[in-house]
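Here are a few exercises to work through with the model open beside you. Try each task before you read its solution.

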Amino acid sequence: MKKWRFLLVMFTVLLLLGACGSNASTGNNAGSGDKNYPSQPLTVVVPNSAGGGNDTAARMMSKLLNDLKLVEQPFTIQNKPGGGQAVGMAEFVTKYKDDYGLYLGSPPTIINYLRKEGNSPYGHNDVTPLGLLYSDIAILAVKADSKYKDLASFVADLKANPEGVSIVGGSGPGSQDHLVVMLLADKLGIDPNKVKYVGYDGSSDALTSILGDNGDALATDLSGISEFVKSGDVRILAVASPERLGGELADIPTYQEQGVDLVYYNWRGVFGPKNMSENAIAFWDEKLKELTETEEFQAELAASGFKPGYMNKEDFTQYLKEQEDMFTDILKKLNMLK
Amino acid sequence: MSTLEFLLHGFSVAFQWYNLLFAFFGVLIGTAVGVLPGIGPMNGVALLLPITASITGTLSPEQAAASGIILLAGIYYGAMYGGSTTSILLNTPGESSSVMTVIDGHQMAKQGRAGAALGISAIGSFVAGIISLLGLILLAKPLSAIAINFGPAEYFSLMILGLLAVSGLVGKSMTKALIMLVMGLLLGTIGIDAVSGAARFTYNIPILYSGISFLTIAVGLFAVGEVFKSILERDSNSGALAKIDKPYPTKQDLKDSALPITRSSFLGFLIGILPGAGATIASAFSYVMEKKLSKNPEKFGKGAIEGVAAPETANNAAAGGAMIPLLTLGIPGSGTTAILMGAFIMYNIQPGPLLFENHPSVVWGLIASMFVGNLMLLILNLPLVKIFAKMISTPVKYLLPLIIAFSIFGVYAVQVNSFDLLLLILCGLFGYFLSKNDFPLPPLVLALVLGPMLENNMMRALTLSNGNYAIFIQKPISAIFLLISVLWLVVPFLLKRRKNKGKNTSVEIGN
């Protein structure tokens, strides 16, 4: 009987241990509108797998906010990949309703809501935009030993036989990486519907597939790829920025240099739940501005080749409206609009 | 420097007093996390990630990274050790990788051999840990090169084989097993499709958008189902629990398990290397393999120690194998390794092809600490076995409420909504009905976990082949998997027919 009691005590301890921990990932309504906000650990939902562009942004943001003591409470990053960010978006909108959940999204936040096939039930109108952190640059890469040494040889093959070339991307069909491929095809005068696009849940998964010869080229963002460029495993054929990148990536040509008029940025934005309290919105508006102005943040951007371009809550909200119009046009042109 | 020198340097890092302490706390927390259903390795590592950062704050960046990651990795493999406990004692698989352990583990517990089952899991896990570490040290680079060649077609066929193999070997009727398999696949389609982003079977109910949780289904079917069974069939098995003879595995147990543990270590390790396949498939395959190789396959499902040793060894070996794509390529092969990768990034270390060159003391410190940690786990777990094993002799009137409390807590801690609690109870009733009618539960649960991946890879393979299904046969590895799958279904059927025919003819001759 004594042992039984001991067991009971032990399990209670274990239960409590678990219970304390689980609060961190979920939070509750306590503290909404609280002056001491944030008084609990925070969760950032990332709608992609670890190692991708949004994941990098979320981790960099939360790490710097903590390191620079801008926010004292710790962050938990929740990766919810799938459906070209639709799964993570739905998770965030339906399950995170208090001030302790943040969402790190990129253009699919809008695209998924607009596109015809598999449109998400939720979009940027179901969340509160808090700020745009920076923009990432779309790239086209191949494995180091690929027969494609430059964009021209790749384009020639793609034009000659679109069905023989597969392009993999780090987001689902109809979302950002796919759209870049569609835009490229459109600019080259190839029927976008003939181009083979294979979507993965994040750029790290997509990268694996070209390294394993299960795809010919990779269309994704610069983040996460640069390490593989430095190690000599991957070669970038073109970057979609108007000018060349700096630092170690300076010898990679742009699309425009190589005769393709393609410029495409993926913004990384921070969102809160739709009903976030005014107090919390003001808090993040201020902290994100402070964060993006620090030397540490700017150094991170420079090291990774990202384009600075912080927007505060108001500008970002306005920008999202413009983006909605832009994507509506692109999707209409590609016959992918809802 | 040679590999050996690097390893020795790693040990000098791992044997720093604070790193020993970090490893110990890691495995201790990991064991607790593994024992609790719901809080699996993934949640455990995720929850402690922010705390680690503040504990290691005073060390230099490189040291902090090594210590932090040693702690988190400790939680990871510690939780893999602990995962068997609830499967064996409470019929509750806390993670998808311990679903197979339930089959024989809980039977053993009912026969009073819980100690043997728990003991053999700890021993198997230890052996697996050491073998997979050796594999990690010696073969990391060449194996990761092979693993990335696994394309969508190969994954699809591997998962098909895994699902069919399990369905063919659990329960009495293959038809019933296949029904459960399809049911699992169907449940897996609920929610937002990971390929197209289309919402399926959600009927505009927001809670369904993120799909049905594995945890709720598994805990409901197995644990709550078991509770309903005990209540409703109380008279038939009162006092059925046998007395515990020995808290530890006997010599015979060890002898029986030696080969399964060795085989499962290698199998689990190899499957673990494949990104995405992971511990769940590894445990399923090893169980199936041991049942096929066993001289007494009829023992399986009735409390065979090999049936516990194999999956528990394999899932630990797979956890070790999964470190390879993470460390050499920066590709997380499972949810938990994805979070570990986040930990690397948090310490400004980019896992990837340059990791071994740029941060040798972190990587080799981690590898060395895993040797130390595995040893600690073995020492830690064997006395715990004795305590846990006693639990099974708890009177039913205390045990049942405890299981219910445990299940509800576990599910609520992860899902935090009342919908999943209702679903849990519903699954419990359903689980009782199913097991009463001899419908095996593992195929349903495994199909629910693997279904979305199966579908994803099928869509990708078909995109690559321009919609041509021949891709699954044109790729040699994929073709071999599919061939085995077909044989798996057809051969027993043919054998049975031949047997029946044989009977008929002999009857005719008799006439």
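**Exercise 1. Work out how covered strand S4 of chain A is, and which strands pair with S4(A).**

Step 1: look at burial. A residue is buried if 20 or more other C-beta atoms lie within 10 Å of its own, exposed if 12 or fewer, and partly exposed in between, with C-beta atoms placed from the backbone. By that count, 17 of the 17 residues of S4(A), residues 127-143, are buried, so the strand is mostly covered. Strands here are DSSP runs of E with at least two residues, helices are runs of H or I with at least four, and both are numbered from the N terminus.

Step 2: find the partners. Two strands pair if DSSP finds at least two bridges between them.
- S9(A), residues 265-273, pairs antiparallel with S4(A) over nine bridges; Ile137(A) stands opposite Tyr265(A) there.
- S8(A), residues 234-239, is an antiparallel partner over five bridges, with Val234(A) as the bridge partner of Lys143(A).
- S7(A), residues 217-221, runs antiparallel to S4(A) and is joined to it by four bridges; Ala141(A) has Leu218(A) as its bridge partner.
- S10(A), residues 307-311, pairs antiparallel over three bridges, and Leu132(A) stands opposite Met311(A).

Step 3: keep one rule in mind as you look at side chains. In a regular strand they alternate between the two faces of the sheet.

**Exercise 2. Describe the side of chain B that touches chain A.**

Step 1: count. 51 residues of chain B are in contact with 58 residues of chain A.

Step 2: ask which elements contribute. Those giving two or more residues include helices H2 (17-35), H14 (335-346) and H16 (360-391) of chain B. H14(B) gives the most, with six residues.

Step 3: sort by class. This side has 36 nonpolar, 12 polar and three charged residues.

Step 4: check one contributor, H2(B). Its 19 residues reach 27 Å from first C-alpha to last, close to the 27 Å expected; the expected span is 1.5 Å times one less than the number of residues. Among its buried residues are Phe22(B), Gly26(B), Ile29(B) and Val33(B).

**Exercise 3. Why does Leu293(B) count as partly exposed?**

Step 1: Leu293(B) lies in helix H11 (residues 278-293) of chain B.

Step 2: count neighbours. Leu293(B) counts as partly exposed because it has 13 C-beta neighbours inside 10 Å.

**Exercise 4. Decide which parts of the model to read with care.**

Step 1: know what you have. This is a predicted model: local features need pLDDT of at least 70, side-chain atom pairs count only at pLDDT 80 or more, and totals for chains, interfaces and linings use all residues. Residues are numbered from 1 along each chain as its sequence is written, while chains are lettered from A and ligands numbered from 1 in the order in which they are written.

Step 2: read the confidence. pLDDT is the predictor's confidence in each residue, from 0 to 100. Its mean is 84 in chain A, where 89% of residues reach 70 or more, and 83 in chain B, where 92% do. The complex gets an ipTM of 0.75 and a pTM of 0.78 from the predictor.

Step 3: Where pLDDT is low, the predicted coordinates should not be read in detail.

How values were computed: Contact = placed C-beta atoms within 7 Å. Nonpolar A, V, L, I, M, F, W, Y, C, P; charged D, E, K, R; others polar.
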